[in-house]
Amino acid sequence: MTEHLRGLYAITDSELLGADRLLSWVDAALAGGARLVQYRDKTADVERRREEACQLLRLCDYYGARLIINDDLPLAAELNVGLHLGRDDGSLREARQALGDQAIIGATCHASLDFAEQAVEEGASYVAFGRFFQSVTKPGAPAATPVLLEQGRRAFAVPIVAIGGITLHNAPQLRIAGADMLAVVHGLFGANSPSEVERRARLFSEMYQTI
Ligand SMILES: Cc1ncc(COP(=O)(O)OP(=O)(O)O)c(N)n1
Ligand SMILES: Cc1ncsc1CCOP(=O)(O)O
Ligand SMILES: [Mg+2]
């Protein structure tokens with residue numbers, strides 16, 4: 001499981017990637033080396049969400065990557081994939097119980113080591129801090145600074161994920177501060193072509209091959 005928790009973590013966004021782009025843009029991110037893909041769709045269209053998640057799972061399997069579902073434990077359980085929960089998205093303990101020991105379950109910790117400590121205790125596989133920079137996708141998310149990654153690294157055995165406004169330009173400082181994974185929406189998928197997504201994914205991924 002942990003071999004997937006290092007490198008680029010690609011997160012989809014239903015406003016940024018319409019149905020016409022979703023699969024080809026994610027395919028490109030995987031071709032460029034993304035290890036995790038999070039399906040983050042805030043709509044209430046249960047059937048379309050299930051269908052898209054199934055298609056993404058096939059793509060992840062093809063590339064040897066892992067799929068994570070945002071917010072939706074029943075869908076993650078149905079597909080037998082991972083889950084990411086925010087502070088108000090339900091119980092980590094219940095999710096761990098439902099998905100089993102091997103599932104990747106992530107927890108939002110904003111800028112709080114206390115939240116992270118609690119999440120680890122409740123069974124999180126990774127803890128996510130951020131946002132580190134201005135985020136187009138979630139401008140109101142609480143701000144964090146890179147020193148938190150160093151502190152998190154020292155305090156916890158689980159992998160540390162950084163999120164929020166990450167671009168190719170600002171990512172190296174998070175990598176150096178101790179982020180095991182870079183979770184990216186706009187800085188990856190806010191591109192005009194799949195080839196540009198693949199180029200970005202390759203460069204993000206190479207940050208984990210060279211240092
Ligand atoms: C890897 C990762 N980290 C943080 C989040 C944010 O989760 P949450 O605070 O629940 O916000 P939404 O994404 O649900 O809007 C995340 N999704 N992934
Ligand atoms: C979901 C989420 N949680 C904190 S910031 C963020 C958005 C990440 O998207 P982007 O990479 O476009 O800033
Ligand atoms: Mg959430």
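In what order do the eight strands close into a barrel, and is the pairing parallel or antiparallel?

Analyst: The model is a predicted one, in which local features need pLDDT of at least 70 and side-chain atom pairs count only at pLDDT 80 or more, while totals for chains, interfaces and linings use all residues. Residues are numbered from 1 along each chain as its sequence is written, and chains are lettered from A and ligands numbered from 1 in the order in which they are written.

The eight strands close into a barrel in the order β1-β2-β3-β4-β5-β6-β7-β8, with parallel pairing. From one strand to the next, the twist averages 25°; axes are lines fitted to C-alpha atoms, for helices over the stretch in contact, and angles run from 0 to 180 degrees between N-to-C directions. Helices (H or I, at least four residues) and strands (E, at least two) are DSSP runs numbered from the N terminus, and two strands pair if DSSP finds at least two bridges between them. In general, strands of a sheet pair through backbone hydrogen bonds, either parallel or antiparallel.

Strand β7 (residues 160-163) runs parallel to strand β8 (residues 181-184), and three bridges join them. Within this pair, Ile 163 stands opposite Ala 183 of β8.

Ligand 2 has 15 residues around it, and the closest are Ser 135, Thr 137, Gly 164, Val 185 and His 186. The shell around ligand 2 divides into six nonpolar, seven polar and two charged residues.

The annotated positions come next. An unreviewed UniProt entry places the feature "binding site" at Asp 71 and Asp 89; UniProt positions are given in the numbering used here, feature names are shortened, and annotations may be inferred rather than shown by experiment. The two positions span 19 residues in sequence, yet no two of their C-alpha atoms are more than 5.8 Å apart, so they gather at one spot.

Asp 71 is found in the loop between β3 (66-70) and α3 (73-79), and its phi is near 75°, a positive value in a residue other than glycine. Asp 71 is partly exposed, with 18 other C-beta atoms within 10 Å; a residue is buried if 20 or more other C-beta atoms lie within 10 Å of its own, exposed if 12 or fewer, and partly exposed in between, with C-beta atoms placed from the backbone. Asp 89 lies in the loop between β4 (82-85) and α4 (92-99), and is partly exposed because 16 other C-beta atoms lie within 10 Å.

The feature "binding site" (unreviewed entry) is also placed by UniProt at Gln 38, Tyr 39, Arg 40, Asp 41, Lys 42, Asn 70, Thr 108 and Lys 138. Lys 42 sits in the loop between β2 (36-39) and α2 (46-63) and counts as exposed, with 10 C-beta neighbours inside 10 Å. Lys 138 belongs to the loop between β6 (126-129) and α6 (147-155), where 15 C-beta neighbours inside 10 Å make it partly exposed. Leaving aside residues up to four places away in sequence, Lys 138 touches Arg 131 and Gly 164; contact requires C-beta atoms, placed from the backbone, within 7 Å.

Two further loop residues complete the account. His 110, in the loop between β5 and α5 (113-121), has a positive phi of about 50° although it is not a glycine, and is partly exposed with 19 other C-beta atoms within 10 Å. Glu 15 lies in the loop between β1 (7-11) and α1 (19-31) and is exposed, with 12 other C-beta atoms within 10 Å. The C-alpha atoms of Glu 15 and Arg 40 are separated by 9.8 Å, the two residues being 25 apart along the chain.

Technical notes
A residue is near a molecule or strand if its C-beta atom, placed from the backbone, lies within 6 Å of it. Ala, Val, Leu, Ile, Met, Phe, Trp, Tyr, Cys and Pro count as nonpolar, Asp, Glu, Lys and Arg as charged, and the others, Gly among them, as polar. Two residues are in contact if their C-beta atoms, placed from the backbone, lie within 7 Å.
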